[in-house]
Amino acid sequence: MKKMTFQFCGKSGLQLPSISLGLWHNFGSVDVYENSRKMILYAFDRGITHFDLANNYGPESGSAEETFGRVLHNDLAGYRDQMIISTKAGYYMWPGPYGDGGSRKYLLASLDQSLQRMNLNYVDIFYHHRPDPDTPIEESMLALDQAVKQGKTLYVGLSSYTSEQTKQAMRIMQELRTPCIIHQVKYNMFDRDIERDLLNTLKEFGLGCIVFSPLAQGLLTEKYLTDIPPDSRAAKPTGFLNKDAITDQRISQIKELNSIAQSRNQSLAQLAVAWVLRHKSVTSALIGASSVEQIDDNLKVLENSELSAEELKQIDNVLQ
Ligand SMILES: NC(=O)c1ccc[n+]([C@@H]2O[C@H](COP(=O)([O-])OP(=O)(O)OC[C@H]3O[C@@H](n4cnc5c(N)ncnc54)[C@H](OP(=O)(O)O)[C@@H]3O)[C@@H](O)[C@H]2O)c1
């Protein structure tokens with residue numbers, strides 16, 4: 001298998017692997033620990049140095065961080081300095097007015113809890129998970145800045161901020177000289193919103209871009225071509241992929257995309273990852289997985305990631 005490639009994250013000195021692993025699904029207390037452990041070790045062995053978490057990943061909330069902390073300490077204890085570990089706060093985490101949103105109170109308390117669950121002194125990247133319209137952006141940014149000053153994170157990032165919100169946030173970060181280096185946002189063939197203006201804004205501020213759900217939660221694979229398999233995200237009661245998203249029109253698009261992938265001698269998942277990585281502003285494709293085999297499949301994109309103008313046109317035609 002081809003070796004992992006690394007890109008600088010925006011204008012920072014931090015390099016991220018082209019493929020990162022996210023622990024949103026399949027690493028919670030409801031999942032089989034041994035499978036989660038195998039995926040983390042397999043990924044790290046193949047150059048996936050970046051693992052992405054959040055306070056609420058599970059279920060139950062917090063348990064993905066516990067799983068990751070357990071693997072880290074039992075199996076990867078000597079490797080902390082070879083890893084980039086991120087976590088986030090921004091969604092509901094605990095009852096009352098201080099367990100959700102973007103207040104200084106919530107963000108800093110949540111980071112402490114995340115560090116405790118993973119048994120870490122610091123994370124590499126701490127994100128505000130989503131914009132909070134009820135909290136001034138300045139307050140959330142000052143809280144991220146404080147987390148850096150406390151030594152609890154090395155870098156900070158924004159997730160799912162619009163282009164305008166990103167500009168506002170980055171003006172504050174530049175003034176504070178806070179190492180806000182990355183934006184995490186959804187991007188895949190079925191969701192191209194960031195092409196409108198966010199990518200330009202990220203370039204303007206020298207921010208890296210890590211894209212989540214590059215496989216549209218599994219839709220951009222061969223998984224749903226004939227039915228909804230019982231062990232799939234769409235079939236699981238704890239999954240976030242709604243069965244309603246699997247329409248006839250989607251399936252026919254997926255079939256056409258699958259033919260393009262086949263003509264390139266690769267899987268649809270590989271084509272979907274190659275497609276997000278084609279964009280120079282995309283630093284890393286943040287995939288999820290439920291098995292080692294899926295990680296293995298997705299990594300093979302490194303052997304065939306160039307897309308011709310003709311292939312890109314064919315894909316655009318299918319997506320129109
Ligand atoms: N910042 C945010 O707000 C936000 C939001 C969402 C996600 N994220 C981050 O992004 C990460 C990735 O998101 P995602 O899990 O939605 O990504 P994704 O890569 O689009 O979907 C992952 C799912 O696709 C299926 N899959 C993966 N590889 C496959 C293959 N080769 N063949 C067939 N099926 C395959 C698996 O589904 P099955 O489980 O059905 O097998 C897997 O769980 C998350 O873990 C999280 O870290 C961040």
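Let's start at the ligand: the shell around it is made up of ten nonpolar, 16 polar and four charged residues. Keep in mind that this is a predicted model. In total, 30 residues surround the ligand, and the closest are Gly22, Trp24, Phe212, Gly218 and Gly288. Two elements, strand 10 (284–287) and helix 9 (292–299), each put at least two residues into that shell. Helix 9 gives the most, with three.

Now zoom out. The protein has ten helices and ten strands. Its radius of gyration is 19 Å, close to the 20 Å that the globule rule gives for 320 residues, so the protein is as compact as a globular protein of that length. Along the principal axes, the C-alpha atoms fill a box of roughly 50 × 45 × 40 Å. Of the 320 residues, 45% count as buried. If you look at contacts with a separation of 6 or more, 77% of them link residues 24 or more positions apart.

For a closer look, pick strand 8 (residues 180–186), where six of the seven residues are buried. On one pairing, strand 8 runs parallel to strand 7 (residues 153–159) over four bridges, with histidine 183 as the bridge partner of leucine 158. To get from strand 7 to strand 8, the chain passes through helix 5 (residues 163–176), making a right-handed β-α-β crossover.

Strand 8 also pairs with strand 9 (residues 208–212), again in parallel, through five bridges. Histidine 183 turns up here too, with cysteine 209 as its bridge partner in strand 9.

Terms used: Residues numbered from 1 in each chain as written. Predicted model: local features only at pLDDT ≥ 70, side-chain atom pairs only at ≥ 80, totals over all residues. Near = placed C-beta within 6 Å. Nonpolar A, V, L, I, M, F, W, Y, C, P; charged D, E, K, R; others polar. Rg over C-alpha atoms; globule rule 2.2 N^0.38 Å. Buried ≥ 20, exposed ≤ 12 C-beta atoms within 10 Å, placed from the backbone. Contact = placed C-beta atoms within 7 Å. Pairing = 2+ DSSP bridges. Right-handed = clockwise from strand over helix to strand, strands pointing away.
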